[in-house]
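Please read them alongside the sequence and the coordinates.

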Amino acid sequence: MRSPPVSDAVSRPTLEAVAARAGVSRATVSRVVNGGSGVREPLAERVRRAVEELGYVPNQAARSLVTKRHDAVAVVIAEPETRVFTDPFFALQLRGISKELTACDNQLVLLLTEGRDDHTRVARYLAGGHVDGALVFSLHLDDPLPRLIHDAGVPTVFGGRPGWRDGTGTAVYVDCDNRGGARTAVRHLAALGRTRIAHLTGALDQTSAVDRLDGYRDVMAETAGGADPALVVESDFTPAGGERAMRELLARRPDVDAVFAANDLTALGALRVLRERGLRVPQDVAVVGFDDMLPLAEESDPPLTTVRQDIERMGRLMARLLLDGAATRTATVGAFGGAAADGTDGGRPDAPPSGVILPTTLVRRASA
């Protein structure tokens, strides 16, 4: 026998059906379903019971017209998909965001930017009123997204300390103590007796890389010889970039005895080159990373000493700040219990962004 059409086989309960089951008006059901007020609790309970018995699911488009909410949040990552789906950092941050949004019955809409055309597409989508807010991370200093998102009028929380001064107003953000974590890493290497400590940077058009470089320079400036520019090699937060930077470093300074890499992926690339050259880690060259990406940091050869930041927690906190409405008002650092990236209270007039800076810790393993 031929199966009935899907539209006949699956009958979707209507608002009117819920009203009939509960013995109330359609308007009463609408108010209860959409979280409105003015319905006595006994009637509201009858409506909720009828919704559950019939399996009624509100029409999201119609509900949005009433509530002005979409229960959806855009996550904008300013990187190409080839980077997003191969870098564990993004997976951890997305997991944290997804957990928080799911707990609050919100949908995650992932938007990636491959090039300049994508910036306009993302801005157009956000301005179209499809989502209640945006979570944006991995921005680059010349990125037009902050201005475009500001012009779209969408509440936004940024991942990472903003590095722009373009008049978009106060930005709410979540970051880790990149500069302090870098200082901890370099001081650890110095405490091991290493005197020729190099730094393989991240992409220097991102504030996290700049802050980690500044932390490295802070400590090196305290040493007798000061910072040697030849010991700083620019990389890009990738294993391949770490390999290139390590080869360049060894060509410049074959006597290097320690490396602070801007992230764990860069450190993994450096470790590969050191093995190729027959240099022992940590006996000849000690290596410290940044992030504590598990299981990569534990399974590297040797297991990687690194600065841990709680990436998943950062994602959850970004989502929580957005859902709590922090991005719709001028946030103050004190309200969130955080501190500005430079260690001040964030109150300087030339530093409008404010948010939360999470602490970092050194995780010691065999590489240093």
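What is the mean pLDDT of the chain, and what percentage of its residues reach 70 or more?

1. The mean pLDDT (the predictor's confidence in each residue, from 0 to 100) is 83, and 83% of the residues reach 70 or more. This is a predicted model, in which local features need pLDDT of at least 70 and side-chain atom pairs count only at pLDDT 80 or more, while totals for chains, interfaces and linings use all residues. Residues are numbered from 1 along each chain as its sequence is written, and side-chain values use heavy atoms, with hydrogens and water left out.

2. Two stretches call for caution. Over residues 3–10 pLDDT stays under 50, and the model has 1 contact (heavy atoms within 4.5 Å) beyond four places in sequence for them. Over residues 329–353 pLDDT also stays under 50, but here the model has 42 contacts beyond four places in sequence.

3. An open sheet is formed by 6 strands in the order β2-β1-β3-β4-β5-β11, with parallel pairing; strands here are DSSP runs (E, at least two residues), as helices are (H or I, at least four), numbered from the N terminus, and two strands pair if DSSP finds at least two bridges between them. At the edges stand β2 (107–112) and β11 (354–358), each of which pairs on one side only. From one strand to the next the twist averages 20°.

4. Within the sheet, β3 (residues 133–137) pairs with β4 (residues 156–159) in the parallel sense over 4 bridges, and A134 stands opposite T156 in β4. Helix α8 (residues 116–127) lies across β1 (72–77), β2 and β3, and runs at about 155° to β2, where axes are lines fitted to C-alpha atoms, for helices over the stretch in contact, and angles run from 0 to 180 degrees between N-to-C directions.

5. I97, in helix α7 (residues 88–103), is buried (under 20% relative accessible area, against over 50% for exposed and in between for partly exposed, with a 1.4 Å probe and protein chains only), at a value of 0%. Leaving aside neighbours within four places in sequence, I97 is in contact with V75, L108, L135, F137, G315, R316 and A319. I97 and R313 are 216 residues apart in sequence, yet 8.5 Å apart in space, C-alpha to C-alpha.

6. N178 lies in helix α10 (residues 178–191) and is buried, with a relative accessible area of 2%. Beyond four places in sequence, the contacts of N178 are with S208, D211, R212 and F290.
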